[in-house]
Amino acid sequence: MADDSARTTPDPQITATLARCPLFRGLPEESLAALAEHVTPFDMGTGSILWHQGDEPLDLVVVQSGLLCEFQPSPSGRRSVLHLKGPPQAVGDIAIFDRRPHLASAEVLREGVILAIPATPVVALAESCVQLTHNVVLLFAAHVRTLAEQRTDLMILDLARRVAKALLRLARHSDPWTVDIGVTVLANLAGGARQSVSAVLSRLERRGWLVLEPGRILLVDLAALQRYAGLSPVNTPADPRDTVPPLAG
């Protein structure tokens, strides 16, 4: 991503972010400290591209603040959004571990700080740490499950229900639940045109299920949105930061 001139001495906040990252959750303190020595933090502005689809994997990125988007571009200029990643999630993990070019491009949607870790020490640690191997397997399984669910949704659900499901999946657990992405990104996630998704949001707002505000969407009737999307409250997608439980001792 950049040379090591931006590298700074690891601080406790970096180690704490790594410890919270699902990929590194449950690792011994000494392993986290050794990994933190290789971290380079970068301030990233909105619209910055970390890498393009097809680039060789050089770094694993952990989001310390802000929001990243992994997407595949099309010749028409439209994007297929695969994942949105916020703190403290990892980005680029698939390419790092299978040692093949990136499947998707990565762009900063909301400015923040990322932690770049060279691929070599991450892979070396996975070869010697059972907990990290366990985390990798569970995260890859989660990737496959998410993509399979998205494919099924595209085949079975109409656009309005795909939009409702995407909103529930992306919502920040606040009062009320809040979605902090623009309509264009939501359209790319739901597999629809921006104008069509805007029309869907307006209809859902007229029903009293959500409120549209500049730069965000407030979900004010979760139960109605869940029913509409075919989800029950117990099956509402969990916070993605909690997808990897620790390895049992």
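Predicted model: local features only at pLDDT ≥ 70, side-chain atom pairs only at ≥ 80, totals over all residues.
Let's start with strand S4, residues 67-73, which pairs with S5 in the antiparallel sense over 6 bridges. Strands here are DSSP runs of E, at least two residues long, and helices are runs of H or I, at least four, numbered from the N terminus. Two strands count as paired if DSSP finds at least two bridges between them.

Residues are numbered from 1 along each chain as its sequence is written, and side-chain values use heavy atoms, with hydrogens and water left out.

Now, which order do the strands of the open sheet follow? There are 4 of them, running S2-S7-S4-S5 with antiparallel pairing. At the edges sit strand S2 (49-51) and strand S5 (79-85), each pairing on one side only.

On to the loops. Between S5 and strand S6 (90-91) we find Pro88, and a cis peptide bond joins Pro87 to Pro88, with omega about -5°. Another cis peptide bond links Asp175 and Pro176, again with omega about -5°; Pro176 lies in the loop between helix H6 (159-170) and strand S9 (177-179).

Last stop, Arg99, in the loop between helix H3 (93-98) and strand S7 (105-110). Its phi is near 55°, a positive value in a residue other than glycine. Is Arg99 buried or exposed? Arg99 counts as exposed because its relative accessibility is 56%, and exposed means over 50%, buried under 20%, partly exposed in between, using a 1.4 Å probe and protein chains only.
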